Amino acid sequence: MADMVSAFEVLPDNIVLNILSFLSCEDLCDIRNVNHMLRRLSSDRSLVWNSDFEGCYKTSEEAFEMYIQAGGPLIHCLNLSHCYWLSGRSVSNALKLCMNLKELYILDISLTAKKLIKILCGLPNLVTFAFTVTNMDEFDTELEGNNAARLTMMGIKHLTIHFKVPLSLRTEASISVQFLQKKTTFFEHCRDLESFHVLGHPNLGCGLPKLLLQPNVDKVENLKNVKEISLNYAIDPAARIFYYGTLLSVAKLQLQMTTVLNPSANFGSQIRSDFWNIFWKSQYQLQNLDISSISIQKIFTHVFDPDVPKPNLQYLNLSDTYFTTTEGPTSNLTSLICVCPNLKSLNLRNSQIIFTNPSREKVDVAGISSLVSTCRCLSEVNLGGIHMHDPEVLSRVSQLLASCPGLKSLAVSCCCCSYQSAKCKVSSASAGGGPPLKRQRTGVTSAKALPSTSSHCDESKLCPDVETGGLESLVRGCPGMVRFELVNAGLTRPVIHRGQNGLMPKSCVYKPCSESTALNDQRLFCIGKWKHLKYLQLAGLPGIMTGSCLVAIATGCHFLEQLHIAYLGLMGHPNFARQLCQALPEFKALKDLRVEHGYQSVDSHFCKAAQSCKTLQRVCVMSWGGTIDSASVISLIANCPSLVALQLFTDANRTQCRRLQKAVEDRFGSVRPALRVSIWPLFDTDTPSLMNNIPTKHLEELTIFSSRVSDRPPNWKW
């Protein structure tokens, strides 16, 4: 080892610096302890200029402080977002040494309003600022009393605020919240603001905030340079009120926006309807637009006016949009595409615009054809939540999607991929595919019908003509797929999802259509041919009888990092569990695993298989009837050094959950500060409160069941 280090020291500094540039901040913290040369070079300006600690879960507080002490004055961009294990004291002290910062991201870091203002005082050159706030009114008050902080706010061009407002339990209808319309807000000092983003915290049904603040901007001219304004989602009432108050002030200036992301807005109401219509008609420079979860009956023709084309629009989210009258759409998908011919990402999940009639029976195939033929740069499409049962429609839609070789991200319903040609059906039957026969014992398939689960299995040998099916044609036509979701349109409410009533755990609402049973294990083998796949979600597949497709996926998708599965096969028994345990050791890059099923147990077999996957970072199991083996869970954590989030919401009783949680904290709390373990009965009354303590990143990306295809613009930070 000494000889190797000596040989490394012979290399010129510029060569070593080029090698070190490929390392993360976490690795740079580690190599500082190797020798004096690496300690010196690891603090070079070229390496620390842009310091990104997000996702560096192994970086201790001590290592972080040493890193800042060595290179703090050289850092221009510092990203500490979601480094929840770092204390507010450590972060605020470290930032005192970073006086030349121009970009600072401290989302989900616990800092009081006073500490935030002190941080602003020491950063006069700050241009980009993203932070978490628990009391916006207190932040504004502290800002008004500090001249240095106000001067810093004057130079900020890009601002992101994450609302994490404490909720109060509200059980009586007579209890109300305090609503403030403030004229004196930080907007009065932001003279050069170009982008403003609001991030809400998921409301788990625990109550309402004590204070709702709507900014009434007095100096509206301070917002004259704003080009981007966004809200991630509107479940959080504090974030929603603040965002739409700001949007109203921005709209008064009639600016040319490039990004407007505002889900669940009420643009169709009679109040200010003329005002909003004028605003939307003037927005011809838009690049990213989100008007999801609203009635677009009245505003559709104004937003997508044929006389005002939007050639720059690349991202459009119309998920969950609907028409309030029985007359149906006032426009169609074809006319929309004519206005937005250069779309790269389109979200039509559960949108009524995809249908040609109010009864949601006839899919607009001509509109989909227009989308494919016109938007030649299309790379992301979400068609989830949409039933398609007409064989001709299924065949045509499959062909159209398969004709997009540049498609990288796709979400479709199960029945959308259920199409099979007659020849394929015969081949599938001869190979033993499909659901069990009528008189066959439930959940048991004959040995002859079981496909091979070895690493050398090939579904093309099982079904020579299987490529004539809908899913198979997608795999063949879109070889570069990176993100894919196959979710049953009948799965209208998982246990935890984003809904109008918050994220309170509730019983699953799942009514699969008969067409979705056609997708059996054999037909899902082809997913393993997607060699570039990184994210996969499979939910609501009643035709899965053994789960053997999971092994084929594990052996074929070598770069898969996220696997989310829910309600595969029978609802009364997780018949895929054995094959899942066989598949887990085969995954070479898997980081996130989420399993939701009524009776999935966290037993010794599951834990042993999971700990053999050394790359695992986050595991979530949602199971209202499952059990937990405490000793196996401890062994899983001990043998998975990369594990940072373990969420087990099952049928285990409170006593077992408390004991296991305490045992994990006592053993690993001091040596693995980033580890967050949440173990509790799924439908317990205290479950929402426990989930509120889960770090935001894990809560949004792992705990909550949601579609992640085209939910945000491509390469979007927030």
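Residues are numbered from 1 along each chain as its sequence is written. In this predicted model, local features need pLDDT of at least 70, side-chain atom pairs count only at pLDDT 80 or more, totals for chains, interfaces and linings use all residues, and side-chain values use heavy atoms, with hydrogens and water left out.

Biologist: How many helices and strands does the chain have?
Modeller: Helices (H or I, at least four residues) and strands (E, at least two) are DSSP runs, numbered from the N terminus. On that basis the chain has 27 helices and 26 strands.

Biologist: What percentage of the 718 residues count as buried?
Modeller: Buried means under 20% relative accessible area, exposed over 50%, and partly exposed in between (1.4 Å probe, protein chains only). Of the 718 residues, the buried share is 58%.

Biologist: Which residues of helix 27 are buried?
Modeller: Helix 27 is mostly covered, with 6 of its 8 residues buried. The cover includes strand 5 (158-163), strand 22 (562-568), strand 23 (592-596), strand 24 (618-622), strand 25 (645-650) and helix 26 (687-692). The buried residues are T696, K697, H698, L699, L702 and T703.

Biologist: Is S710 buried or exposed?
Modeller: S710 lies in the segment after helix 27 (696-703). Its phi is near 60°, a positive value in a residue other than glycine. With a relative accessible area of 2%, S710 is buried.

Biologist: What is the relative accessible area of D320?
Modeller: D320 sits in the loop between strand 14 (315-317) and helix 14 (333-339). Phi of D320 is near 60°, positive in a residue other than glycine. D320 is partly exposed, at 28%.

Biologist: Which residues of helix 7 make the contact with helix 6?
Modeller: Axes are lines fitted to C-alpha atoms, for helices over the stretch in contact, and angles run from 0 to 180 degrees between N-to-C directions. The axes of helix 6 (residues 61-71) and helix 7 (residues 88-95) come within 10 Å and cross at roughly 10°, so the two are roughly parallel (angles under 35 degrees; over 145 is roughly antiparallel, 65 to 115 roughly perpendicular, the rest oblique). Contact means heavy atoms within 4.5 Å. Helix 6 gives E61, F64, E65 and I68, and helix 7 gives R89, S90, V91 and A94.

Biologist: How many nonpolar residues are in the contact of helix 15 with helix 16?
Modeller: Helix 15 (residues 365-374) and helix 16 (residues 391-402) pack at about 10°, with axes 10 Å apart. V365, I368, S369 and V372 meet V393, R396, V397 and L400. Ala, Val, Leu, Ile, Met, Phe, Trp, Tyr, Cys and Pro count as nonpolar, Asp, Glu, Lys and Arg as charged, and the others, Gly among them, as polar. The contact has 1 charged, 1 polar and, for nonpolar, 6.

Biologist: What volume does the largest cavity have?
Modeller: On a 1 Å grid over the protein atoms alone, a cavity is a set of points where a 1.4 Å probe fits but cannot get out; lining residues have an atom within 4 Å of a point. Grid points are joined across faces, edges and corners, and a volume is the space filled by probe spheres set on the points. The whole structure has 1 cavity of 30 Å³ or more. The volume is about 70 Å³.

Biologist: Which strand gives the most to the lining of the largest cavity?
Modeller: The lining has 13 residues, with R349, G384, E485, V487 and S707 nearest the centre. Strand 17 (409-413) and strand 18 (483-487) each supply at least two. With 3 residues, the top contributor is strand 18.

Definitions and conventions: On a 1 Å grid over the protein atoms alone, a cavity is a set of points where a 1.4 Å probe fits but cannot get out, and a pocket is an open set with protein on both sides within 12 Å along at least five of seven lines; lining residues have an atom within 4 Å of a point.
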